[in-house]
Amino acid sequence: MIEVKNLTKRYGNNLAVKNASFTIQDGEIVGFLGPNGAGKSTIMNIMTGYLSLTSGSVAVSGYDILEYPEKAKKHIGYLPELPPLYTDMTVKEYLSFVYELKKAKFQKKPHLDEIERLVNIKNVENRLIKNLSKGYRQRVGIAQALIGNPDVLILDEPTVGLDPKQIIEIRTLIEKLGRHHTVIVSSHILSEIQAVCKRIIIINQGVIVADDTAENLQNNLSSDHAISVRIQGPEETALKVLRSIKEIESVQSMGIIESGSFDCVIQPKDNCDVRRAVFERMAERKWPVLNMTSNRLTLEQIFLRLTDASLTPANGGDTEAPEKAEELSETDKELARNAVFGKEEK
Ligand code: ADP
Ligand code: MG
C-alpha cells in the first residue's frame with residue numbers, strides 16, 4: 001500500500017505540487033493523467049524517494065520514504081521519464097550491472113532470465129542498447145525496474161515517443177505486470193491511461209482534480225444524464241407515450257429535423273437508464289427509434305474540462321507553460337539517473 005498525505009513540492013518559488021493526498025492499495029493499476037507540467041513526474045520522483053518533498057508524507061508498505069528510505073525503496077521499481085540506460089552496454093551487461101547495484105536477493109541468472117522473458121527482450125540480450133529501437137529500449141527500462149521483484153512499479157510516461165504498434169506492446173506488458181504488481185503509470189494522453197488503468201488520478205497544475213474509475217468520473221462529473229432521441233412517428237402522440245414512462249422525468253420536443261420524424265430530449269428520473277423502455281414503447285407502436293445518443297460528457301470532455309487552465313481555481317500563475325516544462329534540465333537528467341543508480345556515495 002502507498003499512502004501519500006498532503007504532499008507539497010516547491011521548486012524555488014514554483015509550487016509544482018499542492019497538497020496532494022491519495023492511497024493506492026496492493027494490486028491496483030492506477031493512472032496519473034495530466035497535461036505536461038502538471039506535476040506527474042514530480043510526484044513520482046518523490047514517491048520513489050529520488051526527490052525531496054517540501055511538506056507532507058509518503059509511505060510505501062508502511063515505511064515512510066524519509067525515515068526508512070532503503071526499506072521503502074526496496075518495494076519500488078521505477079522507470080523514470082528518461083530511462084537511465086547505459087547505451088554502450090549490451091542488454092545483458094546492463095541488467096547484470098543494475099542487479100549488482102540493487103543488491104537483489106534472488107539468484108542472479110534465473111532472476112534476470114525470468115525478467116528478460118517476461119518483458120520479451122531475450123532475443124536482444126546480446127545487442128548494444130544504443131542499437132535497439134525505442135520500443136525495445138523501453139522494455140529494457142521496464143526490465144531494470146523489475147529487478148529485485150518489487151511489489152510496486154512506477155512507470156513515468158512509458159509509451160511516450162513510441163509508434164502505435166510499440167504502444168500496444170507496452171500496454172499489453174503493463175497489463176501483464178499488473179497481475180502481480182501494484183502499477184502506477186503516468187501519461188498526458190487519456191486513451192493511454194484508459195486502456196490500462198481502472199482508476200484514474202487526474203492532476204492539473206499540481207492539484208489532484210479527480211480520483212476515480214473512468215466509469216464514475218463520467219457518471220459523477222456529467223451533470224447531464226439526458227438522452228437525445230429521433231423517432232419516426234406522430235409527434236404529439238409519441239410524446240404522450242414517452243411522458244407516460246414512469247422512469248422519465250420530462251420530455252422536451254425539439255421539433256422536426258429529419259422529415260417524417262421528430263427529435264426530443266428525454267430527462268430520466270434519478271439518473272435511471274431509460275433507453276430500453278423508450279425503445280420498447282416505441283417499438284410496440286411501430287414507431288422506429290432512428291437515433292438515440294447520450295448527452296453525457298465523454299471522458300475526453302471531462303478531462304479537458306478538468307484540466308482547462310482557466311477553470312482551475314488554485315492557479316496563481318506560478319506554474320510554467322507546458323512547452324517549458326517539457327525541456328529537461330540537468331537536474332532532471334540527474335534525477336532520472338539517480339532513480340536507478342542511486343545517488344553517488346561520497
Ligand atoms: P509532468 O511530469 O506532469 O509533466 P513535472 O512534474 O515534470 O510535470 O513538472 C511540474 C512543474 O514543476 C512544472 O511547472 C515544471 O516546470 C516544474 N519543474 C519540474 N522539475 C523541475 C526542476 N528540477 N526545477 C524547477 N522546476 C521544475
Ligand atoms: Mg513528466
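Guide: We can start with a serine side chain. This is a predicted model, and in it the backbone oxygen of Glu 258 lies 2.9 Å from a polar atom of the side chain of Ser 261.

Visitor: What makes the pair of Glu 258 and Ser 261 a polar contact?

Guide: The cut-off for a polar contact is 3.5 Å. The two atoms lie 2.9 Å apart, so the pair is within the cut-off and counts as a polar contact.

Visitor: Why is Ser 261 called buried?

Guide: Buried means under 20% relative accessible area. Ser 261 has 2% relative accessibility, so Ser 261 counts as buried. Ser 261 lies in the loop between strand 12 (248-255) and strand 13 (262-268). Leaving aside neighbours within four places in sequence, Ser 261 is in contact with residues including Arg 230, Ile 256 and Leu 290.

Visitor: What makes Ser 41 and Glu 81 donors of the magnesium ion?

Guide: A donor atom must lie within 2.8 Å of this metal. The OG atom of Ser 41 and the OE atom of Glu 81 lie 2.0 to 2.6 Å from the magnesium ion (ligand 2), so they count as its protein donors. Ser 41 lies in helix 1 (residues 40-47) and Glu 81 in the loop between strand 6 (76-79) and helix 3 (91-102), so the pair ties together parts that are 40 residues apart in sequence.

Visitor: Why are strand 6 and strand 10 said to stand at the edges of their sheet?

Guide: The open sheet has six strands in the order 6-7-8-3-9-10, with mixed pairing. Strand 6 and strand 10 (207-213) each have a single partner strand, so one side of each is left without a neighbour in the sheet. Strand 6 pairs with strand 7 (residues 152-155) in the parallel sense over four bridges.

Visitor: How do you know that the buried residues of helix 11 are on the same side?

Guide: In helix 11, Leu 299, Ile 302, Phe 303 and Leu 306 are buried. They cover an arc of only 100° around the axis, which puts them on the same side of the helix. The face turned away from that buried side carries the exposed residues Leu 304 and Arg 305.

Conventions:
Residues numbered from 1 in each chain as written. Chains lettered and ligands numbered in written order. Predicted model: local features only at pLDDT ≥ 70, side-chain atom pairs only at ≥ 80, totals over all residues. Heavy atoms only, no water. Donors = N, O, S within 2.8 Å, 3.2 Å for Na, K, Ca; no water. Helix = DSSP H or I, 4+ residues; strand = E, 2+ residues; numbered from the N terminus. Buried < 20%, exposed > 50% of the residue type's maximum accessible area, 1.4 Å probe, protein only. Polar contact = N/O pair within 3.5 Å; in protein donor to acceptor, adjacent residues only side chain to side chain. Contact = heavy atoms within 4.5 Å. Pairing = 2+ DSSP bridges. Arc of directions from axis to C-beta.
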